[in-house]
Number of protein chains: 4
Amino acid sequence: MVKLKLALELNYEILDQGSDFIFNIHHAHTPYQRVVQESLVLSQTQINPEIYTDAATGNRYMRLHANVGHLKVNYQSTVEINHHRAEPTQIAEVPVARLPMQVLSYIYPSRYCQSDRLHKLAIREFGHLWQGYSRVQAIQEWVQKRVIFTPNTSNGSTSAIDTLIEQVGVCRDFAHLMIALCRAVNIPARFVTGTDYGANPVLGPPDFHAYVEVYLGDRWYIFDPSGTSIPMGFVRFGVGRDAADVPFATIFGTVNSLAPSIDINPVHDNSLNYVLPHHCLQALSTAM
Amino acid sequence: MVKLKLALELNYEILDQGSDFIFNIHHAHTPYQRVVQESLVLSQTQINPEIYTDAATGNRYMRLHANVGHLKVNYQSTVEINHHRAEPTQIAEVPVARLPMQVLSYIYPSRYCQSDRLHKLAIREFGHLWQGYSRVQAIQEWVQKRVIFTPNTSNGSTSAIDTLIEQVGVCRDFAHLMIALCRAVNIPARFVTGTDYGANPVLGPPDFHAYVEVYLGDRWYIFDPSGTSIPMGFVRFGVGRDAADVPFATIFGTVNSLAPSIDINPVHDNSLNYVLPHHCLQALSTAM
Amino acid sequence: MVKLKLALELNYEILDQGSDFIFNIHHAHTPYQRVVQESLVLSQTQINPEIYTDAATGNRYMRLHANVGHLKVNYQSTVEINHHRAEPTQIAEVPVARLPMQVLSYIYPSRYCQSDRLHKLAIREFGHLWQGYSRVQAIQEWVQKRVIFTPNTSNGSTSAIDTLIEQVGVCRDFAHLMIALCRAVNIPARFVTGTDYGANPVLGPPDFHAYVEVYLGDRWYIFDPSGTSIPMGFVRFGVGRDAADVPFATIFGTVNSLAPSIDINPVHDNSLNYVLPHHCLQALSTAM
Amino acid sequence: MVKLKLALELNYEILDQGSDFIFNIHHAHTPYQRVVQESLVLSQTQINPEIYTDAATGNRYMRLHANVGHLKVNYQSTVEINHHRAEPTQIAEVPVARLPMQVLSYIYPSRYCQSDRLHKLAIREFGHLWQGYSRVQAIQEWVQKRVIFTPNTSNGSTSAIDTLIEQVGVCRDFAHLMIALCRAVNIPARFVTGTDYGANPVLGPPDFHAYVEVYLGDRWYIFDPSGTSIPMGFVRFGVGRDAADVPFATIFGTVNSLAPSIDINPVHDNSLNYVLPHHCLQALSTAM
């Protein structure tokens, strides 16, 4: 089991009139990710945020109306994550005929993952491989071999097709391309937002992160195509078809967003219940 | 109330090995659309189709595995539709702050409706209008004025952006462009598949149809941006973000699809419970 | 030397008012391609076509105004082609610093060849190869390995990017992708239109063709990325940056185009001056 | 007549090995733009630049190989521009049948001006207007009304289609969209690079500029769709189909480009031969 304490601070300058926000920064409630403790402090004290949990995904959204001026959002939580672990060689894909119906929507194309255009490419590259965890690893490696992590080369309208062509991007772009290629060979794949852990010193301090879950066997397994971080330390905010579904913040109004600050610390424990997140060869899952 | 009998026949030649199909051709179960009677006949008698109803939308999916050879799918149903009707001038938009949370996902961009790229255009064209049903009508008219109904000019990867640029398309393309423009001004909009009714003689016999629902007041109202048909006679199969979510048939395998046949007849009734579908000036809704 | 007789017939129905046409169906005049004899017959006898030869390329354009009704264009010519031949292993690329200035424009991106977006991909795939004819062959093979010749999968707006993603197309699409990849590593490449020869029986009778010329050593060498035909038998109409520059016919007005007919025959010769076109391992060029 | 003195300084840090450059920063030689005096100073004194003038356009290209280290390029010139002036109401479009053949290539689509996709839109918006200078003004106004000058919203792959959709951009983007719309109604249009004059104080000091020339009557007339500057003071570097043809600098190698400095001053003259550039209602041309 992994236990992590996270402190997140967001700052905005709200101009003109007030603005509406929809945040997805509360840690998701899932059978594998337990929020032991959490607190939320808003600098505008008269705000009455509304919090909503989506039953299908466990995503938690917070909607609020902020007034003109400065808004600081301070979210802290302690989370226990009890990963399901499995041997990669034991994990097979699920034929379309046996996929759970609620999983099927994740084989369809979405805003940033135009898998419908990539069928022939994906079949040529991956169609001959054994249909299991290792095929998804091959897709991940294919993406990692082609795309070079390069900040400031992509923007909010960059899609998997763009990333495939231009071969640069950040974690979100790696995730979109990997998802599109999985779906193109009928493997359900989805986009997860959260926080990274132990990120590459080159990339700096803890940050928001985007990664991938793929449905194999009887559950969703975690993949980190940008390869910049330690998956065992990921804490989940939300899951969706792609980045269009799970923005950290959707803002309605004229707002300046300042740089966020994020702090993540593992909890050590004498009882040895908790391990530090580390790279491992097992497949990890936190969602059925 | 409207009552319609529909008979739908699909024919496929399945090659190689067998193929998996996921159909969305059962009429949806909604509080406003009641399936009085239905029957399904498959020419391959040993098939055991699995039928699944999505709780959130009422969409009904049928999954089956067909063997090599010919497959005929014959679906017949009798449906009663009890439209909610309202005065257009009385129907206001719902501010983002008060939209039901489960409706919010319909303001985000999707595969074929890249509303994120259309904000400035939509604000310039529609930002100054009264925020209600009439603004959505203005969007619909804007689309109708620009796009010319032209078969065989679009394909499965044609998106709202393409339609905006090239100004030709079919019902699906009109729907995608209208949806993208609504979302670009934060009005929730979604894609509906079903059957048309009383279609323009130029366009021929009854056919599959795609149209739009927009969330206004406290429910989803029907719009028909391609303007080729009588909305009161629409019978719903499925609803989704865009065409990627609700294909009539998703086919896994090598299959030749033959032309479908569709027959639709209104039921007359001495008790006068049932009216014939007709154009009306009221706003119509069949979904909360 | 190769000698070919070509007969080309085009048919149009001109509606409404008359229409203007710009044709590029006269065989180009180049130092290597000599038009021994030619004739042009137009079914509308009162037409006075204007013929223009572009000095830089040898392309010949015919402009005419046709009246309402039927227009038949019958062009026949006998052409001698005296290929420059060279050993592939002896042909090196020309560094940018030494490229002739008038060749430089062929390293820039164009309508259908967005080489600017493909730099990283091209460097990764081809950057490490010896900079000569064999690198261009490697690019051609890369394209041939990925794209599957499939009629009716592309249209007039399909670009190299689309073909790279969707991996289907016809000769024009193969040519655009190969050109874009060459330019992306700073090798000048251009689009040639003409007629094929000895085409694959599967593809049927002689037809219009699109292929590629690449600047290597001190001249333009012929490549046929769609691989459907015998390059030694190609007869050139025009050369340009891509298909936007050299349409066979540009039509201004409302016109139905009927299927063209093309007939090509090699000339046999007792003096043995003329060989039949055949596949050969040497590099071929017909343009400096 | 207008007389201007221009001083231009470019600075680069050349890394790794040396780099090749192709500049288009010499003022073009045209019958209307006379370079009275010019000087070029390169900080790397051993460089032997090659200068080439394109006969068709008057564009002047300078190719050079720079060594590792700092490169300063200092270009100064004095230019006399003798504008052809005409009454807008007297200037008609030229029917395709009478366009000079060498002008025809400017009605075809190019990398950033996909006019082929905009025919229906352009016909709907501009097809009914009188075919002359005022129709081109209408196209310019249409663009100005839709696109908002916004630095840092576009990049090197932004095309006319993107600008039409997203409605933001800089001078280059305004030019591409205007050119694409002109070509879509068969009006030849091309892209011009040069320097602006008397730019809007908001936009700061003199800068590189991109604008449009349209073929009307018997010559190319100047249009400035971004509307940020005084066309009479434009000094021309190069002309091409779009930005792909006339980059100020094409760089082959690893180079850091530092901000350029540009200084422009009108020459006053006692003899009154020279006027200061000013906004005027006449149509201006500097190219046949």
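This is a predicted model: local features need pLDDT of at least 70, side-chain atom pairs count only at pLDDT 80 or more; totals for chains, interfaces and linings use all residues.
Local features need pLDDT of at least 70, side-chain atom pairs count only at pLDDT 80 or more, and totals for chains, interfaces and linings use all residues; side-chain values use heavy atoms, with hydrogens and water left out. Residues are numbered from 1 along each chain as its sequence is written, and chains are lettered from A and ligands numbered from 1 in the order in which they are written.

Contact here means heavy atoms within 4.5 Å.

Chain A is divided into two domains (bounds from an automatic or database domain assignment). Domain 1 covers 2-82 + 248-266, and domain 2 covers 91-246. The centres of these domains of chain A, taken over C-alpha atoms, are separated by 25 Å. Across the boundary, 23 residues of domain 1 of chain A are in contact with 21 residues of domain 2 of chain A.

Helices and strands are DSSP runs, numbered from the N terminus (helices: H or I, at least four residues; strands: E, at least two). Burial is judged by relative accessible area: buried is under 20%, exposed is over 50%, and partly exposed is in between (1.4 Å probe, protein chains only). In chain D, helix 2 spans residues 119-126, and its buried residues are Leu121(D), Ala122(D), Glu125(D) and Phe126(D). These residues cover an arc of only 95° around the axis, which puts them on the same side of helix 2 of chain D. The arc is that of the directions from the helix axis to the C-beta atoms. An α-helix has 3.6 residues a turn, so residues three or four places apart point the same way. The cover over the buried residues of helix 2 of chain D comes from two chains, and includes helix 2 (133-146) and helix 3 (160-166) of chain B. From chain D, it includes helix 3 (133-146), helix 4 (160-166) and helix 5 (171-184).

Over all chains, the structure holds 52 aromatic pairs. Rings of Phe, Tyr and Trp (its six-membered ring) pair if their centres lie within 6.5 Å; planes under 30 degrees apart count as stacked, over 60 as edge-to-face and the rest as tilted. The ring centres of Tyr133(A) and Tyr221(A) are 6.1 Å apart and the planes stand at 90°, so this pair is edge-to-face. The pair links distant parts of the chain, with Tyr133(A) in helix 3 (residues 133-146) of chain A and Tyr221(A) in strand 12 (residues 219-223) of chain A, 88 residues apart. Tyr133(A) counts as buried at 6% relative accessibility, and Tyr221(A) counts as buried at 3%.

Tyr12(B) and Phe23(B) form a tilted pair, 6.0 Å centre to centre with 50° between the planes. Tyr12(B) lies in strand 1 (residues 2-14) of chain B and Phe23(B) in strand 2 (residues 19-23) of chain B, so the pair ties together parts eleven residues apart in sequence. Both residues, Tyr12(B) and Phe23(B), are buried. In chain A, ring pairs link Tyr12(A), Phe21(A) and Phe23(A) into a cluster.

Single residues complete the picture. Gln33(C) lies in strand 3 (residues 33-42) of chain C. Gln33(C) is buried, with a relative accessible area of 4%. Gln33(C) and Arg236(C) are 203 residues apart along the chain, yet their C-alpha atoms are separated by 8.0 Å. Leaving aside neighbours within four places in sequence, the contacts of Gln33(C) include His27(C), Val79(C) and Arg236(C).

Gln167(C) sits in the loop between helix 3 (160-166) and strand 9 (168-169) of chain C. Gln167(C) counts as buried at 2% relative accessibility, whereas Asn152(D) is exposed, with a relative accessible area of 79%.
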